[in-house]
Amino acid sequence: MAPKPGNFAILEGIQSEMRTNKFLTMFWQNRPVAVSPMGKVIDLGKEFGSDRIPPATAIDEEWYVGSAVGMAMSGVPAIAHTPYMCSARAFDLVFNQIGKLRYMTGGQASMPLVIWQDGNGRAPGMAGQHADAGQESLYAALPGLKVVIPSNPYDAKGLMIAAIRDQDPVIFFHYSAINSVPADVPDDAYEVKIGEAKTIQEGSDITIVGYGPAMIEINKALPELKNAGIKAEVIDPRSLKPLPIDTIAKSVAKTKRLLAVDHGHETLCAATEIVARCAIMVPGARFARLAFPDAPSPGAREMISWMTPDAPKIVAAAKKMVSA
């Protein structure tokens, strides 16, 4: 076990599964399927050959995601890795076919498919159409899909392995911000169960929930909350579909306060769903949501910082809820 970057941990998980399952195939574009941190090289193309790791495909997400779908429909497990700016290109396949196939065939057809979707970051200087976050909530709204979002390299490897082994289609959202989060990652294969939340810290004053890049900011906020005497219970759902709402609601029933943090747009983001379900399950509790405003991401670093639900905003919101 050793610290590993998130992208390395994911490829390590895929490598172990490809060694176990001789049919597992992966399509990719733009991002190489080879990494070499810490002197250890993972080169999937070199190890498994062009039949299972085709060379970089054309910039045509409909084509290679469709190819992966066709393979999965025939029972061959497949992974399609799509870059951060291309999530919408193959959405028609996801919306109309991928999540519905098992239902439409009465359970006769499985769909062992993973769409490894890069999540956008809010980097300064990028065009608005390349700097959105939170698209995972779009996929979570579709029946038949599973949607996971790791917040650290350990969960990234375990969730990828679990997704590959699942017979249902899984959307694996990978935000590059988690690549540098410190985490020890075992060399051997392991699963992080899809639909099982992780309690990062126990507390009694307020429940704070977030995932992916939001969890990074929540962790940054914890020392100041502790200094302020606030005992925060922190939960990382790790999965939006299925959503481990029972774990979250149980915590809210204890603390009587929920702050849901999301880097997606405010309207109908995942935090909205978490708050709504907990409000039904825990009447009388207090609820708040922090999310990115309903506006395209600007190019200026200062504007992005002003709009992003970062650690200072989390601290301020938690203090306000507890003092009230």
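Reader: What covers the buried residues of α12?

Author: The cover includes β11 (206-209), α8 (213-227), β14 (257-265) and β15 (286-292). This is a predicted model, in which local features need pLDDT of at least 70, side-chain atom pairs count only at pLDDT 80 or more, and totals for chains, interfaces and linings use all residues. Residues are numbered from 1 along each chain as its sequence is written, and side-chain values use heavy atoms, with hydrogens and water left out.

Reader: Which residues of α12 are buried?

Author: Ala311, Ile314, Val315, Ala317, Ala318 and Met321. Buried means under 20% relative accessible area; exposed means over 50%; partly exposed is in between (1.4 Å probe, protein chains only).

Reader: What makes a stretch a helix or a strand here?

Author: Both are DSSP runs, numbered from the N terminus. A helix is H or I with at least four residues, and a strand is E with at least two. The protein chain has 12 helices and 15 strands.

Reader: How do you know that the span of helix α12 agrees with its 13 residues?

Author: The expected span is 1.5 Å times one less than the number of residues. For α12 (residues 311-323), that gives 18 Å. Its end C-alpha atoms are 18 Å apart, so the two agree.

Reader: What does helix α1 reach from its first C-alpha to its last?

Author: Helix α1 (residues 6-20) reaches 22 Å. With 15 residues, it is close to the expected 21 Å.

Reader: What makes α1 "mostly covered"?

Author: In α1, 12 of its 15 residues are buried. Among them are Phe8, Ile10, Leu11, Ile14 and Met18.

Reader: Why is Met160 called buried?

Author: Its relative accessible area is 0%. Met160 lies in helix α7 (residues 153-165).

Reader: Which residues is Met160 in contact with, leaving aside its neighbours within four places in sequence?

Author: Ile10, Ile14, Val114, Trp116 and Phe172. Contact means heavy atoms within 4.5 Å. Ile10 and Ile14 are buried residues of α1.

Reader: Why is Tyr190 counted as buried?

Author: Tyr190 has 12% relative accessibility. The cut-off is passed, so Tyr190 counts as buried. Tyr190 lies in the loop between β9 (184-185) and β10 (198-201).

Reader: Which residues is Tyr190 in contact with, leaving aside its neighbours within four places in sequence?

Author: Pro153, Tyr154, Lys157, Gly158, Ile161 and Val185. Take Lys157: its C-alpha atom is 7.8 Å from that of Tyr190, though they are 33 residues apart along the chain.

Reader: Why does Pro55 count as exposed?

Author: Pro55 has 56% relative accessibility. That clears the exposed cut-off, so the word applies. Pro55 lies in the loop between α2 (44-48) and α3 (61-73). Not counting residues up to four places away in sequence, Pro55 touches Trp28 and Ser50. Pro55 and Trp28 are 27 residues apart in sequence and 7.8 Å apart in space, C-alpha to C-alpha.

Reader: Why is Lys256 called partly exposed?

Author: Its relative accessible area is 45%. Lys256 lies in the loop between α9 and β14. Lys256 also has a positive phi of about 70 degrees, although it is not a glycine.

Reader: Is Leu268 buried or exposed?

Author: Leu268 is exposed, because its relative accessible area is 69%. Leu268 sits in the loop between β14 and α10 (270-281). Leu268 has a positive phi too, of about 60 degrees, and is not a glycine.

Reader: What makes the peptide bond from Lys241 to Pro242 cis?

Author: Its omega is near 0 degrees. Pro242 lies in the loop between β13 (239-241) and α9 (245-255).

Reader: How do you know that the protein chain agrees with a compact globule?

Author: The radius of gyration is taken over C-alpha atoms, and the globule rule is 2.2 Å times the number of residues to the power 0.38. For 324 residues the rule gives a value near 20 Å. The protein chain has 20 Å, so it agrees. Its C-alpha trace spans about 60 × 50 × 40 Å along its principal axes.

Reader: How many of the 324 residues count as buried?

Author: 54% of them do. As for contacts between residues at least 6 apart in sequence, 79% join residues at least 24 apart.
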